Amino acid sequence: MPSNVVLVTGVGGELGGKLLARLGSNEQLERVIGVDTVPPSQWLVDRMGRAEFVRADIRNPLIERIIADAGVDTVVHASMTAHPAGPAPRVAVKDTNIIGTMRLFAACQRSPRVRKLVVKSTAAVYGAGPRSQAVFTEDSPLKPASSRGYVSDAIDMEGYIRGLRRRRPDLTVTTARFANLMGPAVDTVLTRYFALPVVPTIFGYDARMQFVHSADALAVLEQATMRDIPGTFNVAADGVIMLSQAIRLAGRVELPVPSSALPTIAPVLRGAKLVDFSPDQIQLLTYGRVVDTTRLEQEFGYAPRWTTREAFDDYVRGRALGPVVDRESLATLAGKVATSAVSGQASGRAQPW
């Protein structure tokens, strides 16, 4: 059955906003509604076509009334935050991830008009470690690096999806586990990391990195919205690049530091409001992560247009559009990072996150 009335959450984000603009220009849809706690940017307002914006918090029971009154039949949950770009209050993000998701799914369960749910998840649910699989499939176990981190929220969310499917077996549910987004306008913890003038890495490790271009991620969400394709799918580009290679391609300076020193460097970068490292990110930058996309191509019917290398090259060409550290701060930042690394190594113990 075709979608007629679509509700998209998280339209203040990269994917949610662009999806709202794309769907707002689709003549096949009767109505498109975007929901977020912040008003849309002028860029989105100029491009959202017939789409409407409702300023609402999915943690509020009001979301159930919005879905019911509008006669929504398709819900796209794109507000899940697994890796905040910069320092963010953990409690507020967790509330949105957990409480917001629970209320949204409860509203979907109680509305007889809702027949399809599309969820933006993350490939970070597989974790990253010395004993991890070389390539993760959709059937791999989910293991976050930290039980208190943002990635654990995504694992909880997928648990809520399984519960919703048991209670509403008539729902068509599509879950997309995205690799790290990359592109000229993408603002994530990794795009900020590669924009640092001095990029700290874990001494003795060179992680395999796999990305997905934001244009491919958008195409997958749009296709899942317009077609009924139930299941869970890894979404990532073909190929990998090594972390050291990516740093060189970005024209940055690599600074290998002992793993014990990372907890002392993280506050420096966090205090400069540049990037906020979580245990999940440290594990990724140490061991890397690669996912299999066979199911995406064969069952979902989509082959990413950009390879991992092409997606990263496109980010490098347009990185001036994202957060940029001015050259005058290079010496100061490098000095702080080096000093933190030395003091962390000398102390012989990791500081608390």
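How many of the 6 residues of strand S2 (residues 31-36) are buried?

1. Strand S2 is mostly covered, with 5 of its 6 residues buried (buried means under 20% relative accessible area, with a 1.4 Å probe and protein chains only). Strands (E, at least two residues) and helices (H or I, at least four) are DSSP runs, numbered from the N terminus.

2. The model is predicted: local features need pLDDT of at least 70, side-chain atom pairs count only at pLDDT 80 or more, and totals for chains, interfaces and linings use all residues. Residues are numbered from 1 along each chain as its sequence is written, and side-chain values use heavy atoms, leaving out hydrogens and water.

3. Strands S1 (residues 5-9) and S2 run parallel and are joined by 5 bridges (two strands pair if DSSP finds at least two bridges between them). Val 5 stands opposite Arg 31, and Val 6 opposite Val 32.

4. S2 also runs parallel to strand S3 (residues 52-55), through 4 bridges. Here Val 35 stands opposite Val 54.

5. Helix H1 (residues 14-24) is largely enclosed by the rest of the structure, because 8 of its 11 residues are buried. Among them are Leu 15, Leu 19, Leu 20 and Leu 23.

6. The open sheet has 7 strands in the order S3-S2-S1-S4-S5-S6-S11, with parallel pairing. S3 and S11 (231-235) stand at the edges, each with a single partner strand, so one side of each is left without a neighbour in the sheet.

Methods. Buried < 20%, exposed > 50% of the residue type's maximum accessible area, 1.4 Å probe, protein only.
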